[in-house]
Amino acid sequence: MTKVIVAGAAGRMGRRISYMVHQQEGLTLAGGFERPDGPELGKDLGELAGIGALGVKVADSFEAVMDQGEVVIDFTFHEATMALARKAAQAKKAMVIGTTGLTADNLAELKELSRNFPCVQSPNMAVGVNVLFKIARKMAALLGDAYDIEIVEAHHRMKKDAPSGTALKLGEMVAEGVHRNLAEVGVYSRHGMIGERTDKEIGIQTIRAGDIVGEHTVYFAGAGERLELSHRAHSRDNFARGAALAAAWVVNQPNGLYTMFDVLGLQDI
């Protein structure tokens, strides 16, 4: 059995990850931790996850549980994630990162750190979303420059980063499909007299409201018709389930930085 440690174990996502790890064949929930001032310190991880008592308590640091597991799953905050990645690399513990908001510098550092440990990093761990990434790129390539591309994403009001990491990844994938660089053609807001839309731009727009778990739609709009690709998350369980799959997979890999495409066998599609 692969022993798993969950970062941010008492949070909404951490609890669902703990639940899915417990459900995943071949995995066991070995530890979890929170920030040192967290109100859930010392509580049973199983009870927090709705599983029932497991005798595994929420610790106050990674160091306190480091020796209890082989792989750590982190869906916390980009600064905390990078600090943890440095520790995991030093301890040679495998890692699964679903945190969004990582900068280009963060990703470059993570690639360097992964020389010392195997790590799966993805802005979205859901199986359906990763299939969507591939389909969106293929559709963009098939439709070409005759169709305008726009992406709209919606999340709950508590989400801190915008656009979502998933929306940015979708933007990168469709940009690849039409041989563009998202950094050069991405448009993230429109207001006032902005003039006509350019042929090359790819719009990425953000909605933050209520308790929306996560919705992404890619629009391909041409003359007289429009195609839409959408993914709607009904709960956080699809992200947590993907993270558990990634944890079971990554412990058997050599050092390096991987994506969910690798985990799901989608790399060559």
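1. Lining of the largest pocket, by element. In this predicted model, four helices each supply at least two residues of the lining of the largest pocket: H1 (12-23), H3 (62-65), H4 (78-91) and H7. Of these, H4 gives the most, with five residues.

2. Size and make-up of that pocket. The space in the largest pocket comes to about 1400 Å³. Its lining counts 47 residues, and those nearest the centre are Met-13, Phe-75, Thr-76, Phe-77 and Lys-160. Sorted by class, the lining of the largest pocket holds 18 polar, 16 nonpolar and 13 charged residues.

3. The second largest pocket. About 520 Å³ of space lies here. The lining of the second largest pocket has 24 residues, with Leu-107, Gln-121, Pro-123, Lys-169 and Glu-172 lying nearest the centre. By class, 12 of the lining residues are nonpolar, nine are polar and three are charged.

4. Elements around the second largest pocket. At least two lining residues come from each of H6, H7, strand E12 (256-258) and H10. H7 gives the most, with four residues.

5. Helix H6. This helix covers residues 127-143, which makes 17 residues. From first C-alpha to last, H6 reaches 25 Å, close to the 24 Å expected at 1.5 Å a residue. Just after H6, Gly-144 takes a positive phi of about 70°.

6. Burial along H6. The buried residues of H6 are Val-129, Asn-130, Leu-132, Phe-133, Lys-134, Ala-136, Met-139 and Ala-140. The list includes Lys-134 and Asn-130.

7. Five strands make up an open sheet with mixed pairing, in the order E8-E9-E7-E10-E11. E8 (186-187) and E11 are the edge strands, each pairing on one side only.

8. E8 is joined to E9 (residues 202-208) by two bridges, and the two strands run parallel. For Val-187, the bridge partner in E9 is Gly-203.

How values were computed:
Residues are numbered from 1 along each chain as its sequence is written. This is a predicted model: local features need pLDDT of at least 70, side-chain atom pairs count only at pLDDT 80 or more; totals for chains, interfaces and linings use all residues. Side-chain values use heavy atoms; hydrogens and water are left out. The expected span of a helix is 1.5 Å times one less than its number of residues. Buried means under 20% relative accessible area, exposed over 50%, partly exposed in between (1.4 Å probe, protein chains only). On a 1 Å grid over the protein atoms alone, a cavity is a set of points where a 1.4 Å probe fits but cannot get out, and a pocket is an open set with protein on both sides within 12 Å along at least five of seven lines; lining residues have an atom within 4 Å of a point. Grid points are joined across faces, edges and corners, and a volume is the space filled by probe spheres set on the points. Ala, Val, Leu, Ile, Met, Phe, Trp, Tyr, Cys and Pro count as nonpolar, Asp, Glu, Lys and Arg as charged, and the others, Gly among them, as polar. Two strands pair if DSSP finds at least two bridges between them.
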